[in-house]
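Hi,

Here is the structure I promised to pass on.

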Amino acid sequence: MQDTRPDPDQLLEKVMLEEARQHRGRLKIFFGGCAGVGKTYAMLNAARQAHAKGLDVVVGIVETHGRAETARLLDGLARLPPRQVDHRGRQLPEFDLDAALARQPQLILIDELAHTNVEGSRHTKRWQDVEELLGAGIDVYTTVNVQHLERLNDIVGQITGIRVWETVPDRIFDEADEISLVDLPPDELLLRLKEGKVYVPHQAERAARHFFRKGNLIALRELALRRTADRVDAQMRDYRADQSISQVWQAKERLLLCVGPGPAGNTLVRSAARLAASLKADWIAVYVETPRLQRLSDAHRERILQTLKLAQELGAETATLAGPDVSSVLLGYAGSRNVSKLVVGKSQRRYWTAIGRPSLADELGRHSIDVDVYVVGHELPEQPADARASTDTISLEFEEVVEARKRGYLWALAVSVATTLIASPLASFLYLPNVVMLYLLGVVLVAVRYGHGPAVLSSFLSVAAFDFFFVPPRLSFAVSDTQYLLTFAVLLVVALVISQLTASLRYQAHIATYRERRTSALYSMAQALSAALATSQIIEIASRHLCATFHAKVAVLLPDSHEAVRQPLQEMSAEVLETTDLGVAQWVYDHQEVAGLGTYTLPAHAARYLPLKAPMRTRGVLAIQPDNPRHIMSPEQQRLLDTFAAQIALALERVHYVEVAQDAVVTMEAERLRNSLLSAISHDLRTPLTVIVGLASTLASDAGLNDETRRELATSMQEEAMRMSGLVTNLLDMARLQAGGVQLSKQWQLPEEVIGSALRASERLLREHRVTVEVAPEVPLVSFDAVLVERVLCNLLENAAKYTPPGSTIRIAVQPAEHDVHLVVEDNGPGLQAGMEEKVFDKFTRGEKESAKPGVGLGLAICRAIVEAHGGRIWADSRPGGGARFTVALPASEPPALETAEAS
C-alpha cells in the first residue's frame, strides 16, 4: 500500500517558512510586457481598494510620466515626500527609505522596482529598499517589466536591439507573494502610445521608431505570459506537494556550468540560468583553474570573478576547482555532485589553433557516459570605444605576462647549453645512454622551476644537442646508425612525459599548499577559539587570525544592552580597524545581511561588514578591510570568510551561555541561601522570641506567682535569649569570616587551657551528657587565637550534644601528630550519614533534614572558616564503634626560646 502521508520534513520546512513570513511584509508585483500596459494604473486601483477597506496606505514613489488618468488615482492617498539628493549639481527626487520605515504604514506603493538609486544612497537598487521594507513587516505593491528580469535581459536585448541595464534578480520575482499580470494586445498598446497615454509626444515618437515596434511587443508579451505561466506552474506544484495529491519518483535535474576567462561569460551564464529554469533544476557554476590558466592576468581573473558573481545572483552555487585538465576535473566533480547535464560554451579558437587539440565539448562528449553535454553558441557582444580600449589594455597586460614567461624559455636554452658543455669532456668516459641521463636531468630541473612550456622546449633542444654533438657523425644531424633514431624517439618521449608530470605535480603541489594553508588557518583559529573563556579573548583571537589570513584590518563589533552595535574597548594595533561606520554595522546587525565592499549595499565602502550569525541569534558584526580587495572577493575566499565568521559567532554564543549558566548557578545558590536564612529567621529566631514574649507576658500579668515560679520563668527566658543570641552570633561571625574582617590574635599556649574554657561555656548544653578529656603527654605549645579556637570547640560540643541522646558520652582528645596537633571531639551517637562527611561543613547544611532540633547549619561552616584561617584543617568521619568524630588539625611549630635575665 502506497504511503500518501505528507513528508514530515517538508511539513516542518513549510511551518518554519510560514512562521518566518508572519514577521515579513507581503510583496505584490504588477507585471507587464513593457511600459504602457497599465501596471501603475492597476497598482493604484488596487491600493485605493485597500484604502477603502481601512488599510493605512502610503504612496512611497510613483512615476505618472505625465499621464493625467494615472495622476488622478493619487487623490486621497497619503504621499511620502521624496528625498532630494544632490547629483552633479542637480537635485534629484529619490524614495526616502528612512522616512518610510519611521512611518510604518500597512501598505506602501513603490513604482519601478528595477530603478537604480542615485549614488550615495544606502542601497544601489530600489529592489533592495523593498527588501528592507518587507523585513520591517510592511506590505509593498510594486511594478516591473519583463525586460528588467535578469534572466531574460539578454533575450530582450537580442529581440529589440536595445539593452536594458537596470535589472532585478529573478529570486525577487519568484519569492513575491502575488503576481498580477497586466496585459494589453500590441495593437491596443500602439494606439495608446499614439494617443499620448504612454509617454509625452516627443518621447512617444522616438519610442515608436525603436522599442515600440509591433514585432517587439508581440515577443515581449509572449515572454511575460511565459514567465507568469512558470510562476503559476510553480504554485500548482507546491500545492500538489502540500496536499500530497501525488508523488513524483524522479531524480531532480542538476546542471553544471563551466565558465572561463572569455568575454562571453555573462551570456553563457544567462543561457544556463534559463535552461535550469526551464528544467526546474538546481545549477552550479564552476571555474576550473589549470596550470595554463593560472598565468592569466589580473584583468582576466577579475572578469572570471564577475561572471561567477552574476551566476550567484541568478541562483547558482559557485565553486573554483583546480586540476591539470578541465574535462577530467569537470567530470569528476559532476559525478560527486550527481550532475545530470553539463553546459559549456562553444569554442572561440581559430581553426589553425585548434588543429590537434579537441575542444572542451568534444572531450566531455567522448569521456562522459551518463552526463548530457550542452554546447551554448554565443556571439561576442559589440563593445563601445571605452570597452575596446579596456580590452586593448588587457591584451597589453597579457603580452607583458608573456614577456615575463620568455625568461623561462631562455633558461631552458641556457640549461641545454650548460648540459652540453658539462657532458662534452665526459663523453670519452661515459656511454651515450649515460649522457642521455644528463639531458633528462636538465629537463627535470627546467620543469620544476619554470613549468611545462619551457620544459617542452628543453626536451627538443636536448634531443637536437645530443644528436648534433654526441651521435656519430658528430657536428651533424645525420645519423650513421639507424638504432639511434629509436634513442632519439625514446629520449624525446621520456623528456616530454617527465616535463608534463613534473609541471603537473608542481602545480598540484602549489594548489595543495594553498588549500592546506587555508585549512590550517581555519583549524588554528577554531582551536584557539575553543579555549577562549571571555569575549575579549575571542575578539583578540579572531582579529589576529583574520588579519594574518586575509591581509586585512579587522574589527569585531558587539551589541550593548539596548541592541546598539558598539566597538568594544581593546588595545589598538596596526591590524585593528580603528574607524568603522557604526551606521552600516547597525544595519547589518538588524537585517542579518552582508554590506559594504563587494556587495549591493553600500558597495563603495572600503570595508565589508558581515553579521556574526549564531544558531540562536546574531551576536555582532565583523568588519574587515583588506589591503587588496582580491583577498576576499573570490568565491573560495568568501566561503572561508563566512566560515571564519560562523566560528566567531559560535564562540561568542558559547561564552555567552557559559556566563548565563554561571549566573544561573550563582542565582540558584543565592536563592538557596536566602531560603535557608528565611527559614532560620522564621523558625530558629521566631521560636525563642515567641517563648520570651509568652514568658514575659506571664510575668507581667502578676497572676499570683510565687518566687520559685518567677525564678523558673526568668531562667527559661534567659536560656531562650542566650539561644537566640548564639544564633545571631553565628550569622554575624559567618558574614565577618567571609568578608575577611576577622584579625587573628595568635599566642603560644597549651590546647588543654582552651578546652577547659570551652567546657565552662558549654556547661548548660552538656549537663545531660558525660564528657571525658584525654590529653596526650608532651603536647607542645601551639600558636592560635584562643577566643576563636574556643568558639570552634564550643560549636563542636554543641553539635555533639544536639545530635546524641541524653546520657551519651562525648570524648575530647588532644594528640600530637608529625606536623600538627589534633583536637578530636567524638561521640557515640547515631553518627554521620554516608556521603555527608564533607557536606556537613557547607553553610545552612544540617545533619537531619526537616529536624525539630534548633539551628540553621552554620556552626560547622564557622568551624571550618576559623580553622582554615589558622592554616589548619578540619574533617569529619564515623567512629568504628558508632558515632561521629570531628578532628581539628592545627599546625605545630617550634616555639620561640624563653629569654632569661640574670640577677645582678
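Arg864 and Glu838 make a salt bridge, with their closest N and O atoms 3.0 Å apart (by salt bridge I mean a side-chain nitrogen of Lys or Arg within 4 Å of a carboxyl oxygen of Asp or Glu). Arg864 belongs to helix 27 (residues 859-869), while Glu838 sits in the loop between strand 23 (820-827) and helix 27, so the pair ties together parts that are 26 residues apart in sequence. Helices (H or I, at least four residues) and strands (E, at least two) are DSSP runs, numbered from the N terminus. Glu838 counts as partly exposed because its relative accessibility is 48%; the scale is buried under 20% relative accessible area, exposed over 50% and partly exposed in between, with a 1.4 Å probe and protein chains only.

Before going further, a word on what you are looking at: this is a predicted model, where local features need pLDDT of at least 70 and side-chain atom pairs count only at pLDDT 80 or more, while totals for chains, interfaces and linings use all residues. Residues are numbered from 1 along each chain as its sequence is written, and side-chain values use heavy atoms, with hydrogens and water left out.

More on charges. Searching the whole structure turns up 27 salt bridges. One of them joins Arg26 to Asp177, with 3.8 Å between the closest N and O atoms. This pair links distant parts of the chain, 151 residues apart: Arg26 is in the loop between helix 1 (8-22) and strand 1, and Asp177 is in the loop between helix 7 (170-174) and strand 8. Arg26 is partly exposed at 48% relative accessibility, and Asp177 is partly exposed too, at 22%.

Asp877 and Arg885 form another salt bridge, the closest N and O atoms being 3.3 Å apart. Asp877 is partly exposed with a relative accessible area of 23%, and Arg885 is partly exposed at 24%. Both belong to a network of salt bridges that also takes in Glu774, Arg811, Glu826 and Arg879.

Six strands form an open, parallel sheet in the order 3-2-6-7-1-8 (two strands pair if DSSP finds at least two bridges between them). Strand 3 (78-79) and strand 8 (178-182) are the edge strands, each pairing on one side only. Further in, strand 6 (residues 107-110) and strand 7 (residues 139-145) run parallel over four bridges, and Ile108 stands opposite Val140 of strand 7.

Two helices to look at against that sheet are helix 2 and helix 5. Helix 2 (residues 39-52) lies across strand 1 (27-32), strand 2 (57-61), strand 6, strand 7 and strand 8, at about 165 degrees to strand 7. Axes here are lines fitted to C-alpha atoms, for helices over the stretch in contact, and angles run from 0 to 180 degrees between N-to-C directions. Helix 5 (residues 126-135) packs on the sheet as well, touching strand 1, strand 2, strand 6 and strand 7, and its direction makes about 175 degrees with that of strand 6; contact means heavy atoms within 4.5 Å.

How much of helix 5 is covered? Nine of its ten residues are buried, including Trp127, Val130, Leu133 and Leu134. Just after the helix, Gly137 has a positive phi of about 85 degrees.

Val168 is in the loop between helix 6 and helix 7 and is buried, at 1% relative accessible area. Leaving out residues up to four places away in sequence, Val168 touches Leu113, Ala114, Trp127, Val144, His148, Leu149 and Glu150.

His148, one of those contacts, is in the loop between strand 7 and helix 6 (153-160). His148 is buried, with a relative accessible area of 15%.

Last, a helix pair. Helix 13 (residues 326-336) packs on helix 15 (residues 360-367) at about 50 degrees, the axes being 9 Å apart. That makes helix 13 oblique to helix 15 (under 35 degrees is roughly parallel, over 145 roughly antiparallel, 65 to 115 roughly perpendicular, and the rest oblique). Val326, Ser327, Leu330 and Leu331 of helix 13 meet Leu360, Glu363, Leu364 and His367 of helix 15.

Cheers
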